[in-house]
Every structure is written in structure tokens, then in C-alpha cells.
Amino acid sequence: MTRDAGADLLVRGLGRLLTMTGDPVEDAAVLVRGGRVAWTGPARDLPAGLGDVPVLDAGGRCAVPGFVDAHTHVVFAGSRRDEFTARLAGVPYDGGGIRTTVAATCAASTEELRSLAAARVRTALGHGTTTMEVKTGYGLTPQEELRMLDVIAWLDETLPVRLEATYLGAHVLPEGRDRGEYVDEVVGTLPEAVRHGARWCDVFCDAGVFTLEETRRVLGAARAAGLGLRLHAEELAHTGAARLAAEAGCASADHLEHVSAEDARAMAAAGVVGVLLPTVTLSLGSQAWGQASVLRDAGVELALATDCNPGTSWCESMPFAVQLACLAQGLAVDEAFRAATLGAAHALRRDDVGHLGVGARGDLAVLDAAHETDVVAHLGAPAAWRTVASGVQVE
Ligand SMILES: [Zn+2]
């Protein structure tokens, strides 16, 4: 959505509207002009003389800001079926399956990668997502990582979705590579990654993956190259990654299954958003659901994401992440929707999405429900009825 022309649209017939800037509004309408929110409020207060504006009648349904998916890996090829089957039989996850996807992704043509990823983004749009972060990390050579960034740029230009590209060269150590040399190569690729559209740098800092020292080095170089910082932290074990995220000024630390109260306090003090990925916990069968309350108690702002990837969370649906956040992680319904919109926008340091204040992007997910609570309660049902991006109905 790089060109982002935007359109005029009046969404009316909203039985309920969550703007994330104030209390829910009953019997509401939203007016979008030139792709931006121009007015929201009770329909009876709608200004007169709107002229010939296209109308979407929501038929009494509830709408929220378009979902912001703050953590995905949607550019990939191949299958992790065997690993999934083994996990169902009790084999624990150690991050090694990433190499299976690296081999398949490097073997795929650019055409194939584009079409596979575009289908996933389309699915996400159908679930109400209008902004997504997308990571590299299945290339693991400079050439292949930059090719992934080019695919992300193509998706952003081609599809009606806002993408945030993240360079994740330090996703896993490629087989047979010397650790120091590989980290040098990741650091050396940063300036090129910026030229290929990366806005963020991420590292999988965890037991058996990249160490605190290696991560500190990559993050320092990434900051010098002008990239924003985020981190895969405390997923497999407690390593100190969340505290490093606070020290390094990361916008977010993601996963956090093993985060401590002390880590959480450091994150809160540094303004690091905690990104919850409950579909991963479900998919891994780890039962590590407790981090949300640790983070909340410390005052960390919460975000939600799908972590859409072939191995540990094959899921494009933010409403499903919202359901799990409520049912398994103990978030309140309003807290989960806020994390899936405004919190996730803050994790991406964007103030133009994740809410429907005047001037925000005209992005809405109209839910196929009269109330947002019904989306959490109604399991297995499609949650989104229509998706609007920049005032255009895109699904
Ligand atoms: Zn991830």
C-alpha cells in the first residue's frame, strides 16, 4: 500500500464502534475522506450535506480499527508437516525446524514466493488485518535475505495492506557456518537491508540460537544503520533477552514465555511493548500462558500478533489470537482488542493506525457480530465481515 491513494467512504449501520480513542459508541458511523478518518460518532450526529459519498451499511454489526499484526513471517515456501507430526507425538521444539523452511524458501522462485505470501496476506485481510509486520530470516545469506525484503516490498506495493519490513538475518545459525563470521555477515548486510526497504531489525535471542553478546552486536549496528529494533525474547528459556531489549531501546520484545517480573519492570520503564503470540503457545503445546499477567502487573503495554510462520504458528487470523489471549492468557475482551490494534500499532511505533481518531488511516474491521465479546465467545466462526483499508472495502 505504498501509494496509498485513499478514498471517501461512509460506514453506517454500526451497532457498536470501538475507536480505541474513547468509550465504545453505540449506533455509530465513521466517515472516511481521502483515506483518513474525518469523523466518528453516533449516527444521529452525522454532519449534514456529505454529498455523494459511497456507503457501506454494516447492518448493526460492530467495528474495530483494522487489526495490526505486529509479528509475522509470511514470506516462506515449503511445509513443516513432519515436524508438526513429531511434535504431536511429543518431540519438543528447539528452533531447528527453521532450517527446513530456509532450504525450501531459497529453492523457490521469486514468483512462487510472491504468490505464496500474497495468498497469506489476502487471508489476513479477510480476517480484518490492515497492517502487518513481516520478517525475513528464511534466506540466511545476504542475497537471499535481500530477495525476501524485495518480496515484502512487492507485497506492500501490490496489496491493499500496510507492511513493515523487518530484517531478521539472525534468525538461526545456518548449518556449518562459523558463529562469529555469520554475525559479521549479518552486520555487514544491514546497510543493504535498509536500501531494500527494511525499517526494523530483529534477532532470535534465545537458548541455542543467538547469545546476548551476539544480539547486542547486531542491535548496535542496526541502530547505527538507522533501523528500529525488536527482539524474539525469552521464548525457549530465560536468557536475559527482555532486559537487553530494554537496555537497547527496542520498540518491542516478543514471545516472553519465560519473562520475569524484574524483566517486565525494566521493559515498562524503557517503553518496550510486550508482544504476545498465543497461537505459538497453543501450537507448541508448551502451556506457557502466564506472561500476560506478569507484563500487565509491571505496566508493560501489551500487543498481540499471529507470528504467522510454517513451523510454530500457521495462523493468519488476529481474531483467533484475540480469542486465545482472552481464553488462555486471561486478558479481558477490551484489553485483547486494544492489544490487537492500538498496542500493536505502538509496537510498530505508528500513530496513524490501530485507532480511529480523526486523521488516522481509514482502516476498519467490521466484525460479523453485534458486540466484540461475541467474537471471543463464538469459537470457530469467521470473525470479520468486511475489511476496509484507507476507505476502500478490500475484503
Ligand atoms: Zn517470530
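**Figure 1. Salt bridges in the predicted model.** The model contains 27 salt bridges, a salt bridge being a side-chain nitrogen of Lys or Arg within 4 Å of a carboxyl oxygen of Asp or Glu. The structure is a predicted model, in which local features need pLDDT of at least 70 and side-chain atom pairs count only at pLDDT 80 or more, while totals for chains, interfaces and linings use all residues. Residues are numbered from 1 along each chain as its sequence is written, and side-chain values use heavy atoms, with hydrogens and water left out. Side chains of opposite charge can pair when their charged atoms come close.

**Figure 2. The salt bridge between arginine 33 and aspartate 8.** The closest N and O atoms of arginine 33 and aspartate 8 are 3.3 Å apart. Arginine 33 belongs to strand 2 (residues 25-33) and aspartate 8 to the segment before strand 1 (9-17), so the bridge ties together parts 25 residues apart in sequence. Helices (H or I, at least four residues) and strands (E, at least two) are DSSP runs, numbered from the N terminus. Arginine 33 has a relative accessible area of 32% and is partly exposed; aspartate 8, at 31%, is also partly exposed. Here buried means under 20% relative accessible area, exposed over 50%, and partly exposed in between (1.4 Å probe, protein chains only).

Figure 3. Strand 2 runs antiparallel to strand 3 (residues 36-42), and 6 bridges join them; two strands pair if DSSP finds at least two bridges between them. Alanine 29 stands opposite glycine 41 of strand 3. The hairpin has 2 residues between its strands, and glycine 34 adopts a positive phi near 55 degrees.

**Figure 4. The salt bridge between arginine 99 and glutamate 175.** The side chains of arginine 99 and glutamate 175 meet at 3.8 Å, N to O. This pair links distant parts of the chain, 76 residues apart: arginine 99 is in helix 2 (residues 98-107), and glutamate 175 is in the loop between strand 8 (162-170) and helix 5 (179-195). Arginine 99 is partly exposed at 32% relative accessibility, whereas glutamate 175 is exposed at 66%.

**Figure 5. The salt bridge between glutamate 335 and arginine 296.** The closest N and O atoms of glutamate 335 and arginine 296 lie 2.6 Å apart. Because glutamate 335 is in helix 12 (residues 333-347) and arginine 296 in helix 10 (residues 291-298), the pair ties together parts 39 residues apart in sequence. Glutamate 335 is partly exposed at 21% relative accessibility, and arginine 296 is partly exposed at 30%.
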